[in-house]
Every structure is written in structure tokens, then in C-alpha cells.
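I opened this structure to look up a few residues, sheets and helices. My notes follow in the order I made them.

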Amino acid sequence: MEFEFTGRHIEVTPAIQRLAMKELRKLDRVLDSAPIRAHVTVSSEKHRKRAEIVVYWRDNVFTAVGENTDLSQSVTSAAARVQKQVLRVKEKFQTRKRSRTSMKEIAPVPGGVIEAGPAAPRIIPARRYRVKPMTPEEAALALADSKDQFIVFRDAETNRIGVLYHRTDGNFGLIEP
């Protein structure tokens with residue numbers, strides 16, 4: 001972990017540096033794998049001592065401010081707040097990781113046969129033809145003569161569109177709106 005200290009209207013003593021390092025070293029155990037950078041800013045205004053800690057880890061930035069009359073207590077409280085934020089983010093990673101299926105379950109067995117899943121149904125554009133006005137009986141004669149499974153026609157009597165289709169029992173079915 002890299003540390004950077006800045007003092008505003010106050011000198012950063014080695015004791016404050018040791019305290020901040022001690023408090024932030026706890027994050028090393030929680031945030032593993034990636035390098036961590038911490039910037040500790042200590043300031044003093046009248047009787048108020050303020051510590052601001054900014055921790056950079058991967059794409060995350062954790063920021064906390066601690067204010068107190070004692071500088072060591074403000075550093076400790078700011079470090080505790082940063083640690084709380086880090087644990088919250090780490091817990092979110094853990095719950096995501098637990099909910100995923102493992103690669104052993106997803107990956108195929110070496111030397112095994114990979115089976116393809118069923119293909120998704122596609123819409124294949126068919127030829128376009130005119131909807132002719134005819135009676136259902138005329139549509140049945142036209143469907144019997146053709147090799148099509150259905151015929152779309154406009155009923156000459158009601159002027160509505162209907163669909164006449166071959167049923168599995170050998171008869172014709174009529175769909176009207």
C-alpha cells in the first residue's frame with residue numbers, strides 16, 4: 001500500500017503517520033490482488049482537527065472525513081469509515097460471485113462431445129399474393145387443388161378476411177375475425 005500525507009496548517013508528525021498506516025493496513029487483508037493507494041490529508045482550524053482519507057483501489061475511490069478536537073481520534077474515525085465502505089463493496093463482490101454458476105458446470109468436459117442447443121425459431125419471408133374475394137367453399141376448392149397448408153381470402157359475402165387451413169384429421173379449418 002502506498003501512502004501520501006499532506007498537512008494543512010499543521011505538521012504531519014511521524015506518530016500520526018504511524019497511526020494512519022496502522023489503521024489503513026487493515027485494508028490490505030480485505031482488498032487483495034490490486035495495488036492500493038491512500039492519501040491522508042490532515043488539517044487544523046482553531047480547536048478542530050480534521051483528517052480526510054482517500055483510498056484508491058481498482059476503479060473505486062473511498063473517501064472519509066473525521067473531525068475531532070484530538071487529531072489521532074479524527075484519523076481513527078476517518079479510517080473506520082473508509083473500512084466500512086470497503087467492506088460494503090467487498091461484500092457486494094462476494095454476493096455476486098456466490099450467485100454465479102461455476103465455470104466447471106458451464107465448461108464442456110475435455111475430450112467430450114459438445115451438443116448444440118435447439119435453434120431459435122426464425123421468421124422466413126414467404127411469397128406475397130393478393131387476397132381474392134371468394135366464398136369459403138371456393139377457398140376450400142382452391143386449397144384442395146394447391147399444395148399449400150392454408151389460404152388467406154376475403155369473404156365475398158361479409159367482406160372480412162378469413163384463413164382456411166388443412167387440419168390433421170383431413171378436414172379444413174376456418175379462422176374468421
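Entry 1, a strand residue. I looked up Ile-151 and found it in strand E6; helices (H or I, at least four residues) and strands (E, at least two) are DSSP runs, numbered from the N terminus. The model is predicted, so local features need pLDDT of at least 70 and side-chain atom pairs count only at pLDDT 80 or more, while totals for chains, interfaces and linings use all residues. Residues are numbered from 1 along each chain as its sequence is written, and side-chain values use heavy atoms, with hydrogens and water left out.

Is Ile-151 buried or exposed? I noted a relative accessible area of 15%, so Ile-151 is buried; buried means under 20% relative accessible area, exposed over 50%, and partly exposed in between (1.4 Å probe, protein chains only). Leaving aside neighbours within four places in sequence, Ile-151 is in contact with Tyr-129, Ala-139, Ala-142, Leu-143, Gly-162, Val-163 and Leu-164, where contact means heavy atoms within 4.5 Å. I also checked Val-131, which lies 20 residues from Ile-151 along the chain; their C-alpha atoms are separated by 8.9 Å.

Entry 2, the sheet around E6. I traced an open sheet of four strands in the order E5-E6-E7-E8, with mixed pairing; two strands pair if DSSP finds at least two bridges between them. Strand E5 (133-134) and strand E8 (172-175) are at the edges with a single partner strand each, so one side of each has no neighbour in the sheet. E5 pairs with strand E6 (residues 150-155) in the parallel sense, over two bridges. I found Asp-155 in E6 as the bridge partner of Met-134. Helix H4 (residues 136-145) packs on this sheet and touches E5, E6, strand E7 (161-166) and E8. The direction of H4 makes about 155° with that of E6; axes are lines fitted to C-alpha atoms, for helices over the stretch in contact, and angles run from 0 to 180 degrees between N-to-C directions.

E7 and E8 run antiparallel and are joined by four bridges. One of the pairs I looked up is Tyr-165 with Gly-173 in E8. The two strands E7 and E8 form a hairpin with five residues between them, and Gly-170 in the turn has a positive phi of about 95°.

I found Thr-135 in the loop between E5 and H4. Thr-135 has a relative accessible area of 17% and is buried. Apart from neighbours within four places in sequence, Thr-135 is in contact with Phe-153, Asp-155, Ala-156 and Glu-157.

Entry 4, the other sheet I looked up. Here four strands form an open sheet in the order E1-E2-E3-E4, again with mixed pairing. Strand E1 (2-8) and strand E4 (60-68) are the edge strands, each pairing on one side only. I noted an average twist of 15° from one strand to the next. Strand E2 (residues 36-45) and strand E3 (residues 48-57) run antiparallel, joined by 10 bridges. Val-42 stands opposite Ala-51 in E3. H1 packs on the sheet, touching E1, E2 and E3, and its direction makes about 140° with that of E1. H2 lies across E2, E3 and E4 and runs at about 150° to E4.

At what angle do helix H1 (residues 14-30) and helix H2 (residues 71-99) pack? I read about 10°, with their axes 10 Å apart. H1 and H2 are therefore roughly parallel to each other (angles under 35 degrees count as roughly parallel, over 145 as roughly antiparallel, 65 to 115 as roughly perpendicular and the rest as oblique). Residues making the contact include Leu-19, Glu-23 and Lys-26 of H1 and Val-75, Ala-79 and Lys-90 of H2.

Entry 6, salt bridges. I searched the whole structure and noted six salt bridges; each is a side-chain nitrogen of Lys or Arg within 4 Å of a carboxyl oxygen of Asp or Glu. One of them joins Glu-23 to Lys-26, the closest N and O atoms being 3.5 Å apart. Glu-23 and Lys-26 are three residues apart in helix H1, so about one helical turn separates them. Glu-23 is buried at 11% relative accessible area, whereas Lys-26 is partly exposed at 29%.
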